[in-house]
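Here are my notes on the model you sent over.

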Amino acid sequence: GTVDDIGTRIPSFATRPFGFTEGSACSVNSRLKLVVRETVKPGEAPMPVGVVSRSYCLVQHRTVITTALDALSKVGIRLEQVRASLRLTEQGERMALSLLFPEDDRYAFFLDQRGDQLRLRLQCFNSVDGSMGFMAMLGWYRFICSNGLVVGEVRVNFRKRHDPYLDPAEIGGVLSTGLSNLVEERKLYSLWLQTRVDNLTLRNWVDGPLRAKWGVKLAARTYCIARTGRDCRFPLRFEKRLPSEKTMEPTCAVPGAWVPADNAFAVSQVLSWLAKERHEIPEQVERMSEIPELIHHLAGVERR
């Protein structure tokens with residue numbers, strides 16, 4: 001919904017002493033503290049959501065959102081044109097915030113004449129229970145399949161532990177750095193679209209650099225999706241063959257896959273699809289940040 005819509009959905013948290021009472025005795029752990037979700041409804045009790053160290057710095061989800069919106073405003077984005085998406089865990093201890101830029105030529109990259117496009121998106125990830133560090137990243141969102149490409153190199157991705165040195169205002173730095181690279185990013189993606197990839201090139205890359213970086217199974221799945229548009233499974237579990245030669249049974253169709261993936265950009269989208277399968281968000285981000293270098297090996301495209 002709108003940025004105003006999501007503001008009402010965000011819980012608040014606080015820290016409390018970590019201890020318990022038994023009879024007349026009360027004991028408190030001096031090295032730990034309890035994180036609780038504050039009450040929303042009358043008569044509701046605070047809900048414990050995690051135990052953290054005394055040095056842990058609680059950063060409210062609301063602070064992250066307010067800071068992100070302020071950063072967008074400062075670069076001239078009209079907040080009423082921003083499309084927001086908010087995901088929370090059951091007790092609200094983890095948050096994934098997505099802020100989609102307006103449909104403007106400055107923030108959109110069109111892939112074809114049918115409207116298939118990428119749109120710039122600011123993402124922020126936060127936890128209040130210490131289970132995940134704070135992260136902010138600028139990326140491209142592809143509407144047709146929800147694939148995402150990280151803009152630029154890892155320097156655009158800001159990660160920080162929840163300690164006294166964490167300052168959510170550094171989201172502004174992520175934004176300004178990413179926006180300054182947009183021209184070069186457009187050139188790079190245009191070059192990827194123009195770089196043809198034949199089957200021999202694809203096989204050599206899958207069996208070489210991709211296998212070395214992501215392993216045999218992900219390399220084999222990449223080859224299958226790039227050739228057929230469908231994911232696959234491996235009926236011969238212990239088969240010892242190169243990724244492109246493994247026995248594969250096609251499964252589900254991959255949304256937005258180009259069949260065949262005959263250019264470097266189309267292959268990058270296969271990698272992006274597979275990167276999102278990682279269970280933990282930091283792992284997804286790490287995989288996505290590796291995509292430009294892998295495509296460099298595939299197409300010989302020089303990164304600027």
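1. Asp-5 counts as partly exposed because its relative accessible area is 42%, and the cut-offs here are under 20% for buried, over 50% for exposed and partly exposed in between, with a 1.4 Å probe and protein chains only. You'll find Asp-5 in helix H1 (residues 3-7). Helices (H or I, at least four residues) and strands (E, at least two) are DSSP runs, numbered from the N terminus. From Asp-5 to Trp-192 is 187 residues in sequence and 38 Å in space, C-alpha to C-alpha.

2. Some housekeeping. This is a predicted model, with local features needing pLDDT of at least 70 and side-chain atom pairs counted only at pLDDT 80 or more, while totals for chains, interfaces and linings use all residues. Numbering starts from 1 along each chain as its sequence is written, and side-chain values use heavy atoms, with hydrogens and water left out.

3. Now the whole chain. There are 8 helices and 12 strands, and the C-alpha trace spans about 75 × 50 × 30 Å along its principal axes. Of the 304 residues, 47% are buried. A contact means heavy atoms within 4.5 Å; among contacts with a separation of 6 or more, 60% join residues 24 or more positions apart.

4. Which residues touch the most other members of the largest nonpolar core? They are Leu-72, Leu-99, Phe-101, Leu-122, Ile-171, Trp-205 and Trp-214, in a core of 64 residues. Helix H7 (residues 264-275) is the top contributor to this core, with 9 residues. Another core, of 7 residues, lies apart from it and includes Ala-96, Met-132, Met-137 and Val-285. By core I mean buried Ala, Val, Leu, Ile, Met, Phe, Trp, Tyr and Cys residues joined through side-chain atoms within 4.5 Å.

5. Take a look at Trp-214. Neighbours within four places in sequence aside, Trp-214 contacts Leu-271, Leu-274, Ala-275, Arg-287, Glu-290, Ile-291 and Leu-294.

6. Helix H6 (residues 216-228) has 13 residues and reaches 18 Å from first C-alpha to last, close to the expected 18 Å, which is 1.5 Å times one less than the number of residues. Its buried residues include Leu-218, Arg-221, Tyr-223 and Ile-225. What do the buried residues of H6 pack against? Their partners are helix H5 (199-214), strand E11 (230-233), H7 and helix H8 (281-299). After H6 comes Gly-229, with a positive phi near 80°.

7. Helix H2 (residues 61-74) and helix H3 (residues 171-180) have axes that come within 9 Å and cross at roughly 35°; axes are lines fitted to C-alpha atoms over the stretch in contact, with angles from 0 to 180 degrees between N-to-C directions. Val-64, Thr-67, Ala-68, Ala-71 and Leu-72 of H2 meet Ile-171, Gly-172 and Leu-175 of H3.

8. Check the peptide bond between Val-259 and Pro-260: the model has it cis, with omega about -10°. Most peptide bonds are trans. Pro-260 sits in the loop between strand E12 (249-253) and H7.

9. Is Glu-90 buried or exposed? Glu-90 counts as exposed because its relative accessibility is 76%. The residue is in the loop between strand E4 (83-88) and strand E5 (94-100). Glu-90 and Pro-250 are 34 Å apart, C-alpha to C-alpha, and 160 residues apart in sequence.
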